[in-house]
Amino acid sequence: MSETQSRAILLLEDGTVAEGFAFGAIGTTTGEICFNTGMTGYQEVFTDPSYYGQIVIMNAVHVGNYGVIPEDVESDSVKVLGVIAKNLNENYSRKEQRAPGRLP
């Protein structure tokens, strides 16, 4: 863990604990865990009202690698309560984008 990374803990109702690193907004949240198998479209998932109140496991290998743009939002704000991902990319490839943690 680097000096800039915060430790994150996922505690499930049955007592199962998983550890990782926090990114984006740091804090505590509770919610229903669901998953998304899409290889692209993380921005749409995070802002989709159908995911309201859920913690989403992103099954795609990389999240954040192409940035975000205003045209790809599904609503006026992020609707998920949390995101679980294996690889979060803070460097993105698309022009005229923002970092994934900074949606319009």
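Biologist: Which residue of β4 is the bridge partner of Asn36?

Modeller: In this predicted model, Asn36 has Met58 of β4 as its bridge partner.

Biologist: What makes β3 and β4 a pair of strands?

Modeller: Two strands count as paired if at least two bridges are found between them. Strand β3, residues 32-36, and β4 are joined over five bridges, and therefore they qualify as a pair. The sense of the pairing is parallel.

Biologist: How do you know that β4 also pairs with β6?

Modeller: The requirement is again at least two bridges. Three bridges join β4 to β6, residues 82-84, so this is a pair as well. The two strands run parallel, and Ile57 stands opposite Ile84 in β6.

Biologist: Why are β3 and β6 called the edges of the sheet?

Modeller: The three strands form an open sheet in the order β3-β4-β6. Because β3 and β6 each have a single partner strand, one side of each is left without a neighbour in the sheet. Neighbouring strands here are turned by 30 degrees against each other on average, direction ignored.

Biologist: Why is β4 called mostly covered?

Modeller: A residue is buried if its relative accessible area is under 20%. Four of the five residues in β4, which spans residues 54-58, are buried, and therefore the strand is described as mostly covered.

Biologist: What makes the unit of β3, α1 and β4 right-handed?

Modeller: With the strands pointing away from the viewer, a right-handed path runs clockwise from the first strand over the helix to the second. The β-α-β unit of β3, helix α1 (residues 42-47) and β4 is right-handed, so its path from β3 over α1 to β4 runs clockwise in that view.

Methods:
Residues are numbered from 1 along each chain as its sequence is written. This is a predicted model: local features need pLDDT of at least 70, side-chain atom pairs count only at pLDDT 80 or more; totals for chains, interfaces and linings use all residues. Side-chain values use heavy atoms; hydrogens and water are left out. Buried means under 20% relative accessible area, exposed over 50%, partly exposed in between (1.4 Å probe, protein chains only). Axes are lines fitted to C-alpha atoms, for helices over the stretch in contact, and angles run from 0 to 180 degrees between N-to-C directions.
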